[in-house]
Every structure is written in structure tokens, then in C-alpha cells.
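Biologist: I am new to this structure. Could you take me through it step by step?
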Amino acid sequence: MTHDVLIIGGGLAGLCCGLELHKAGAGFLLLEACDSVGGRIRTDTVSGFQLDRGFQVFLTSYPEAKRTLDYEALQLRAFLPGALIRHGGRFHSIADPWRRPFAAARSVCSPIGSLADKLRVARLRSRVLQGTVEDRFREPETTTARALQDFGFSPSIIDRFFRPFLGGIFLDPQLQTSSRMFEFVFRMFSLGRACLPAGGMEAIPRQLAARLPPGSIRLAARATRVQAGSVTLESGEQLRARAVVVATDGKVATRLLGQATASGGQSVTCLYFSAPRPPIEQPILVLNGDREGPVNNLCVPTRVAASYGPGDASLVSTTVLGVTDDSDRLLSEVRRQMREWFGQEVMEWHHLRTYRIPYALPRLFPPALEPPRRPVRWQPGLYVCGDHRDNASIQGAMVSGRRAAEAVLDDL
Ligand SMILES: Cc1cc2nc3c(=O)[nH]c(=O)nc-3n(C[C@H](O)[C@H](O)[C@H](O)COP(=O)(O)OP(=O)(O)OC[C@H]3O[C@@H](n4cnc5c(N)ncnc54)[C@H](O)[C@@H]3O)c2cc1C
């Protein structure tokens, strides 16, 4: 049997590609290697807790998500804008640097940033809100670290706020990631809220998958060889199609297409604990402003969405940038750091699970976003999508999937 289109990979990009094809009436079969769709957005249930496979948030301002997802059905629960910053043995609150930089000015104790920094945040905000999202990706490209310096930010606000905050988003503590990504993220935080769906992050791909026609997704179907017009599965089975879309992450796409599609990846480790009491009361992100200890950022997902826990205990999510082979040692270092931050009550925390993610995001060091969008047409009959085609985010993955579908539909 020859399909119209075969899509390899059921992450956001592959699912969005399938959705656009379906809307246009084109037949397709989506082949997913794992036991479920979602790719890098999966959620496990462990002892009554919902554990996202690596801490991540959904930003309501992503334009592609707005046009595609049903937010109400996702039952989004928002973080407080701003952050608690651990610095010098205390927590400092930064209210809402994205929307109300002057409120942030009042709330931030001087060790985090100067008044001049708050004025710069306000100036930067008005700049990133001009024009369209695409305009942010047309700005001259440098590293985020250089862009912050060039903008005049003080070393203290860079080290105590921007580095842990953006480093936690880009999984890049040196902030070598493209300044275009920084401007995009700043804009998204200024226009929307960071949220968790009540059903865990995996509710996002699940919602997309539910809109695809019955029988259009085949799980446990790993592609090992791809050509224009055919796909060979691990089992040896060969499938034929008029068009093939490779919607895997950049590393696998490089292997399947035999040519580099992305320049390496960023890694991260996420350790989850259950705690009898929440270490912080607010649904807010906690950042390490000291650059000491492995944990870059922390939150209590059950404070954001109660459905993340069984009701009688809190879920604590800690994020460590990078991966290590010595997970026992990492766990004891994380525990030690958490005791310094929250005291003896940490002794009562129970380690639930550690997620070690060697390839979490495609690396976007300049000139990775020049051009900001990479072509989705690989060769006649063969297409590629995924966050490595646009940018390392839910928005980037979703847009790339739609772009690939549009290209296929134009060519069929
Ligand atoms: C820990 C972490 C934190 C993140 N934080 C955020 C955040 O806060 N905000 C944000 O916007 N984004 C965040 N992201 C990024 C976002 O999750 C990704 O950009 C997006 O999910 C990528 O989707 P994708 O479809 O491009 O790729 P993937 O999700 O990687 O999907 C690829 C799919 O292809 C399948 N596949 C691979 N090989 C084969 C094969 N040979 N045959 C068949 N199928 C195959 C895989 O199983 C997978 O399902 C984060 C990612 C991680 C991992």
C-alpha cells in the first residue's frame, strides 16, 4: 500500500504536521518509535505524582500554540510571573520583570540589580514588543551573554537573575545561545504566562494526537532507513509513500538523512522529590543566583497545579544543567544544597526519580539562527521538521511541523 505521506516521529512537530495534512484532506501515517507520542514532552505517573520528563513550562503567548491548541481543555495553571532568587544565604523576590519592570524595581533588593538595570529591562521590553515575532529573529545575531552586556546590564543582574533564568531555559549556563532566542523568549514572557497543564505537559501532545484520524498513528515503529518515497522499519518492513517527512529530533534526523541537520544539543538533569511540606508556598520559580551547588532552578509543581500530586504531599522539581554519569553523587549534592536552602526538613524529602536527558534542546549558538528558519524541503519527496528547523521551543517545533505540511501539500 502506498500512503500519501509518511511522518517519522510523533513529537509536537510530527503531530502538527499530521494535523495540517488532515485538515487539508491528505492521508498520512505517523510512525513513532516509542510506546506513546509526545517525544520530549512526556509525563510519567509515579506514586501519585505527575513527573514531566524534565522540567518545562508552556508559554501561553506562543503564537502557533494559540492558533492550534485548546487552552481551556488543557486547564492551564500559571506560575507567578517573576522569581525567587537565592543569593547570599537569602531568598530575594523579583516581582514581574517582564510586564511590570518598575514593580520589579521596588521588589528587588539591591543585591540582584540596580535601578538602572530596571530601566534597562523596561527599555528592552519595549524593544522586544515592537513588530512581529519574526522581527525578533531578524535582529543582528550575537550570544545572549554579549547582548546583555551590550545592553548595559550590570554583572550582578546578569549573574543573579539572567544567567540562572535564561540558562535554565536554554540549558546553557554560559549564555552562548543566540541573542535572537533571548529576544524571542523575553517577548513571550512579556506577553503571556508560564503554565503547566493540569494533566501534565504531556497533555499538549495528547490533545494534538486526539485530533488525528483513527489509525493514523503507529506506535513502536522505528524507522531505520529513509528515502524519498520509502521508509524501512527496524522490523525490516518497508512502507511506501508519495512524500516522507522526518520529524525526529536533530540528532536522529542527521542519522536518517545522512547529513547534519543541527549542531549538537544541550543536556539537562531533573530530580524529583516528594516532600511532606512545600519548601516554598508560592507557585513561583526559584533561581540559584549564587552559582554554587548543582541546582540551577527549582519549583513546586503541586503549588502550580494541585493535580501534579496525590494531595497529601508536595512535588519538588530540581533542575541541574548538563548530565553526569555519577547519579548517586549528584543526588547527594542536590540534597546537600537543598538542606542549605531549606534546612533540616529536606531530610524528610523522598527521592522519586531522576531524569537524565542528554539531548534536550538543539544547540543554538550563533550563527545557528542565521537564517532563522531552515528549509523543510530536503530533496524531492523528502521533508524534514522539528525544533532544529525553527528554534528550540514548543513554538519552534509546532511551526516547523506546519511548514513541512504546507510544503508537502504544495508539492503533492
Ligand atoms: C527538559 C526539557 C525542557 C524543555 N523546556 C521547554 C520549555 O520550558 N519551553 C519550551 O517551549 N520548550 C521546552 N523544551 C523544548 C520542547 O520540548 C521541544 O522543542 C519540542 O518538544 C520538540 O519537539 P519535536 O517534535 O521537534 O521533537 P521530539 O519531541 O524530539 O519528537 C521527535 C519524535 O521522533 C521520535 N523518533 C525518533 N527517532 C525515531 C525513529 N527512528 N523512528 C520513528 N520515530 C522516531 C521520537 O520518539 C519522538 O517522539 C524542553 C525540552 C526538554 C527536553
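Modeller: A definition comes first: Ala, Val, Leu, Ile, Met, Phe, Trp, Tyr, Cys and Pro count as nonpolar, Asp, Glu, Lys and Arg as charged, and the others, Gly among them, as polar. By these classes, the shell around the ligand has 18 nonpolar, 11 polar and five charged residues. This is a predicted model, in which local features need pLDDT of at least 70, side-chain atom pairs count only at pLDDT 80 or more, and totals for chains, interfaces and linings use all residues. Residues are numbered from 1 along each chain as its sequence is written.

Biologist: Which residues are the closest to the ligand?
Modeller: They are Gly9, Gly11, Gly39, Gly54 and Gln56, out of 34 residues that surround the ligand. A residue is near a molecule if its C-beta atom, placed from the backbone, lies within 6 Å of it.

Biologist: Which domains does that shell draw on?
Modeller: Domain 1 (2-42 + 202-263 + 374-411) and domain 2 (43-78 + 265-362) each give at least three residues to the shell. The bounds come from an automatic or database domain assignment.

Biologist: New topic: how many residues does each side give to the contact between domain 1 and domain 2?
Modeller: Domain 1 gives 19 residues and domain 2 gives 18 residues, where contact means C-beta atoms, placed from the backbone, within 7 Å.

Biologist: And which helix gives the most on the domain 1 side?
Modeller: H14 does, with five residues. Helices here are DSSP runs (H or I, at least four residues), numbered from the N terminus. By class, that side of domain 1 has eight nonpolar, four polar and seven charged residues.

Definitions and conventions: Contact = placed C-beta atoms within 7 Å. Helix = DSSP H or I, 4+ residues; strand = E, 2+ residues; numbered from the N terminus.
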